[in-house]
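Colleague: I'd like to learn how to read helix packing and nonpolar cores. Could you walk me through an example?

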Amino acid sequence: MENKPTLKSLILLYGTILAVITILISVVKYVLGNHLERNAWESMIGIALMIILIVQPIRILKKSNNGLLSISQALKIGLGVAVISGVLSIFYFVIFANFIEPNFANDVLDAQMSEALRQNPNLSTAELEKGKELGKGLVMPMLYGGIIIVNLFLGFIISLITGLALKKE
């Protein structure tokens, strides 16, 4: 008797794989000392990984269902993978920001203040400090929210396109 993959098993497996790869990239960036930098290649790699790790379980499910796939199934997989990956990534960032690099939020704010000053050299020290003070409590919640929102948005778009392309009911 053949083991047929379930939606749940595919979501958990591929969501975990995506999270582990994403976390490994973050760890490598931290070790290299550029964990505060964001660049285009990193974003492209992240999107490519997400595409691969959402499309593959959708294809596996279709194959295991004798070629049948609904858009609903594709969306469940895409959004499920995105949620699992996002939650595990947030768990990593909570550990990272609280134990590994406790100054992470301040470092992010300092980098943002430097960028603001570079873009607008007329900002006063008082304005910069006020901005930094306002941002202190928002950096980490915005990071966590951003992870979930971006993951869900990309997961939805990728799985919708894949579902429409592979749909056969």
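Colleague: Let's start with helix 1 and helix 2: at what angle do they pack, and how far apart are their axes?

Modeller: The general idea is that two packed helices are described by the angle between their axes and the distance between the axes. Bear in mind that this is a predicted model. Here helix 1 (residues 7-32) and helix 2 (residues 40-64) pack at about 165°, and their axes are 10 Å apart. Because angles over 145 degrees count as roughly antiparallel, helix 1 is roughly antiparallel to helix 2. The crossing of helix 1 past helix 2 is right-handed.

Colleague: Which residues meet where helix 1 and helix 2 pack?

Modeller: From helix 1 come, among them, Leu 10, Tyr 14, Ile 17 and Ile 21, while helix 2 brings residues including Ile 45, Leu 49, Leu 53 and Ile 60. Sorted by class, this contact has 14 nonpolar, one polar and two charged residues.

Colleague: Now helix 4 and helix 5: how do their axes cross?

Modeller: Helix 4 (residues 104-119) and helix 5 (residues 125-136) have axes that come within 10 Å and cross at roughly 145°. Helix 4 also passes helix 5 in a right-handed crossing. On the helix 4 side, Asn 106, Leu 109, Asp 110, Met 113 and Leu 117 take part, and they meet Leu 128, Gly 131, Lys 132, Gly 135 and Lys 136 of helix 5. The class count for this contact is four nonpolar, three polar and three charged residues.

Colleague: On to cores. How many residues does the largest nonpolar core have?

Modeller: As a general idea, nonpolar side chains in soluble globular proteins tend to be buried together. In this model the largest nonpolar core has 16 residues, and Leu 18, Met 50, Ile 54, Ile 58, Ile 77 and Val 81 are those with the most contacts inside it. Helix 1, helix 2 and helix 3 (71-100) each give two or more residues to this core. Helix 2 supplies the largest share, six residues.

Colleague: What is Ile 77 in contact with, leaving aside neighbours within four places in sequence?

Modeller: Its partners are Leu 7, Leu 10, Ile 11, Ile 54, Pro 57, Ile 58 and Leu 61. Another core, of 14 residues, lies apart from the largest one and includes Phe 96, Phe 104, Val 108 and Ile 147.

Colleague: And Ser 85: buried or exposed?

Modeller: Ser 85, in helix 3, has a relative accessible area of 2%, so it is buried. Not counting residues up to four places away in sequence, Ser 85 touches Gly 15, Leu 18, Ala 19 and Asn 151.

Definitions and conventions. Residues are numbered from 1 along each chain as its sequence is written. This is a predicted model: local features need pLDDT of at least 70, side-chain atom pairs count only at pLDDT 80 or more; totals for chains, interfaces and linings use all residues. Side-chain values use heavy atoms; hydrogens and water are left out. Axes are lines fitted to C-alpha atoms, for helices over the stretch in contact, and angles run from 0 to 180 degrees between N-to-C directions. Helices (H or I, at least four residues) and strands (E, at least two) are DSSP runs, numbered from the N terminus. Angles under 35 degrees count as roughly parallel, over 145 as roughly antiparallel, 65 to 115 as roughly perpendicular and the rest as oblique. A crossing is left-handed if the near helix is turned anticlockwise from the far one by less than a right angle, and right-handed if clockwise. Contact means heavy atoms within 4.5 Å. Ala, Val, Leu, Ile, Met, Phe, Trp, Tyr, Cys and Pro count as nonpolar, Asp, Glu, Lys and Arg as charged, and the others, Gly among them, as polar. A nonpolar core is a set of buried Ala, Val, Leu, Ile, Met, Phe, Trp, Tyr and Cys residues joined through side-chain atoms within 4.5 Å. Buried means under 20% relative accessible area, exposed over 50%, partly exposed in between (1.4 Å probe, protein chains only).
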